[in-house]
Amino acid sequence: MSNQTRVTQFILRGFSDTQELKFVVILFFLFDYLFCLLGNVSIIIAVIRESRLHSPMYFFLKNLSFLDMCYTSVTIPKALVTSLLGSGVISYLECVAQLYMVITLGSTECFLLTAMAYDRCLAIYRPLLYSSLMSHKLCSELVIMAWVAGAMYSAFHTVNTFSLSFCGPNVVDHFFCDMPPIMRLSCTDFHINEEVGFAISSCVVMSSFALTIVSYACIISTIARISSVDGRWKAFSTCSSHLTTVILFYGTGSFAYLRSASQYSPNQGRLASIFYTIVTPTLNPVIYCLRNKDMKSALRKLYC
């Protein structure tokens with residue numbers, strides 16, 4: 001290792017390698033990014049200003065919107081500059097920082113979605129005790145725990161990835177620094193690091209997903225015991241938006257990471273990453289506002 005030249009910078013690829021589509025792709029993702037910022041900022045301001053939205057569900061939604069804004073801001077601006085200039089040079093330390101932030105925000109969102117599932121479970125399964133159980137203190141503690149767990153989980157994966165030796169090539173087949181394409185550039189055997197990382201991810205992420213499944217099993221069993229159709233629909237509508245977000249998040253994330261780095265496909269990897277880092281955070285404000293009368297009313301007051 002001491003006789004090899006250590007990589008001091010990486011070169012990122014843009015959203016597309018096709019030059020004819022470069023400006024169309026840049027305009028599309030720029031519009032998508034601005035729409036994501038506008039939608040999530042609107043939700044945060046509406047929740048803060050509207051007293052009717054000062055409840056646990058909207059407290060978690062406000063934090064989810066902040067997470068989504070940060071998530072897209074870590075990757076899209078750099079990728080837009082890379083696509084526009086055609087040169088995505090990023091230093092070694094910047095790449096480390098970007099990977100750490102991406103995994104931190106992604107895993108924090110995973111844990112936050114679990115907390116939101118628990119909130120919906122209590123609201124439907126124990127409606128009379130909901131207000132006393134889901135206090136503001138508990139909500140704050142759940143959000144803090146999600147951030148701390150996400151930061152610790154990310155620290156492990158960042159160290160696990162960059163403990164490998166990189167002595168060239170340095171072209172990352174992605175629009176941001178991500179684990180699979182970075183590991184493929186290592187000049188040493190990365191399979192042990194990959195297997196350890198996969199084992200930790202399976203334990204942590206699947207545990208979080210399992211808790212979400214348990215919460216929804218409890219929700220579904222409670223809804224099934226409601227006699228009236230209107231009552232069932234009203235109960236289900238309170239968690240349908242969250243369920244849609246969970247399906248989008250885990251569906252696209254598992255497609256990107258439930259495969260080995262040696263089987264990594266640049267085109268499929270970029271496409272999956274576009275969905276879970278750009279499309280899903282952009283759709284979340286739309287998903288949570290379409291069927292929510294209180295949120296639509298608050299946004300109408302905000303803009304009218």
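## Exposure and basis

A residue is buried under 20% relative accessible area, exposed over 50% and partly exposed in between, with a 1.4 Å probe and protein chains only. By this scale R49 is exposed, with a relative accessible area of 59%. R49 lies in helix α1 (residues 22-49). In sequence R49 and K301 are 252 residues apart, while their C-alpha atoms are 9.9 Å apart in space.

The model is predicted: local features need pLDDT of at least 70, side-chain atom pairs count only at pLDDT 80 or more, and totals for chains, interfaces and linings use all residues. Residues are numbered from 1 along each chain as its sequence is written, and side-chain values use heavy atoms, with hydrogens and water left out.

## Overall form

The protein has 10 helices and 3 strands, taken as DSSP runs numbered from the N terminus (helices H or I, at least four residues; strands E, at least two). From the N terminus the order is β-α-α-β-α-α-α-β-α-α-α-α-α.

Along the principal axes, the C-alpha atoms fill a box of roughly 70 × 45 × 30 Å. Of the 304 residues, 48% count as buried. Contact means heavy atoms within 4.5 Å. Among contacts between residues at least 6 apart in sequence, 80% join residues at least 24 apart.

## Packing of α2 and α5

Axes are lines fitted to C-alpha atoms, for helices over the stretch in contact, and angles run from 0 to 180 degrees between N-to-C directions. The axes of α2 (residues 56-85) and α5 (residues 136-162) come within 10 Å and cross at roughly 25°. The two helices are therefore roughly parallel to each other; angles under 35 degrees count as such, over 145 as roughly antiparallel, 65 to 115 as roughly perpendicular and the rest as oblique.

In α2, P56, F59, F60, N63, F66 and L67 meet H136, C139, S140, L142, V143 and W147 of α5. This contact has 9 nonpolar, 3 polar and no charged residues. Ala, Val, Leu, Ile, Met, Phe, Trp, Tyr, Cys and Pro count as nonpolar, Asp, Glu, Lys and Arg as charged, and the others, Gly among them, as polar.

## Packing of α3 and α5

Helix α3 (residues 92-125) and α5 have axes that come within 7 Å and cross at roughly 145°. This crossing is right-handed. The contact of α3 with α5 has 20 nonpolar, 8 polar and no charged residues.

Definitions and conventions. Left-handed = near helix turned anticlockwise from the far one by under 90°.
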